[in-house]
Amino acid sequence: MKETVASSIEAKNLAKRFGSVAALADVSFDVKAGEMFFLLGPSGCGKTTLLRILAGLETADSGTVLINGRDVRDLPAHERGLPMVFQNYALWPHLTVLENVAFGLRERRVPRDEAVRRAREALEKVDLAGREDRKPGQLSGGQQQRVALARALVLNPAAVLLDEPLSNLDAKLRVEMREYLARLHASSGITFVYVTHDQVEALSLADRMAVMSAGRIMAVGSPAALYHRPPNAFCAGFLGEANIFPARAVGRDGAWLVVETHAGRWSAAPAEGFDPPSGAEVLLMVRPENVRPLSGSPAGANVFKGRVVSARMNGSTLTVLVATGETTWKATVLSDPLAEWREGRECGWMVDRAHAVAMPASEKEAAR
């Protein structure tokens, strides 16, 4: 199979309505050549519509799609070089694995011998050599998904679009396929644009991601940046668990924002580009794993006292609910048989200021 140069993709001000419903509203983002880029969001947020517009299977009401800088809004799907892998595999049940993979090549009138050769190479690429003569019904779900991937890869694409490709697999197989997709992407070097509602999938695989809500992009960035320093409450709550509560900005301490909270005066890291004036209402976010039992007099940490409401074992960790006044915190701590987390216990807790993130309080400020 010949080497292919990966494509860059750019969406500019895309909008799409279905009747009275705005599926997409002024959506813009870029995908770098060779990236594993995720479109992440809850069901109904517009991510599949967006993917279909990139593929040429839907037409945007307005806006532009660029592939390697070329405007392709008037280009049909088969000329864009962006094959799509669907969540339901979309395999022909009466054709063999080899025939399914070669189908697109035959439609493009590639000579039979070349189509068979390229289909066998694609099946080797997805570790399915030796299963060419089987029917899809004789394969596992993971194997069927790899056939669908081979059918896309056989076209020597510069990019592949994936729409919830692992959603039909059981939990164990999804983990295995995530690892497989990571290896496949690394070895192929082509651009992947991947739609999912599964935060773990996106956090574990993406180079960068766009988090979507109600037809808009709420943030774009690396998994680490969006998880640890989310720019708004939607991203904080959607990308894992988060303690989020109101606070008020009262000043600065160098790089840190000083805020008044229900637990006292804290120092926090402002979200990127967020610089509220003194007196402004803000939201403070702390991940449960960053709420730790107090130990000594730690420098740079915010300290508070709380009462244990409950403790639930998760295996290697415990989820401890801690009440401070009318606010309940969630803390994730290591499961220690010597530690006693009985209900009603009063104890001290700490949060490093780097792990307390101040974000905009309103959706208008938060949307990007």
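Predicted model: local features only at pLDDT ≥ 70, side-chain atom pairs only at ≥ 80, totals over all residues.
Local features need pLDDT of at least 70, side-chain atom pairs count only at pLDDT 80 or more, and totals for chains, interfaces and linings use all residues. Residues are numbered from 1 along each chain as its sequence is written, and side-chain values use heavy atoms, leaving out hydrogens and water.

**Exercise 1.** Find the order of the strands in the open sheet of four, and its edge strands.

Solution. Strands are DSSP runs of E, at least two residues, and helices are runs of H or I, at least four, both numbered from the N terminus. Two strands pair if DSSP finds at least two bridges between them. The order is β2-β1-β4-β5, with antiparallel pairing. β2 (21-31) and β5 (70-71) pair on one side only, so they are the edges. Inside the sheet, five bridges join β1 (residues 9-18) to β4 (residues 62-67). E10 stands opposite L66 in β4.

**Exercise 2.** Decide how many disulfides there are, and where C45 stands.

Solution. A disulfide is a pair of cysteine sulfur atoms within 2.5 Å. The count comes to zero. For C45, the nearest cysteine sulfur is that of C235, 11 Å away. Next, check burial: buried means under 20% relative accessible area, exposed over 50%, partly exposed in between (1.4 Å probe, protein chains only). C45 has 1%, so it is buried. C347, at 12%, also counts as buried.
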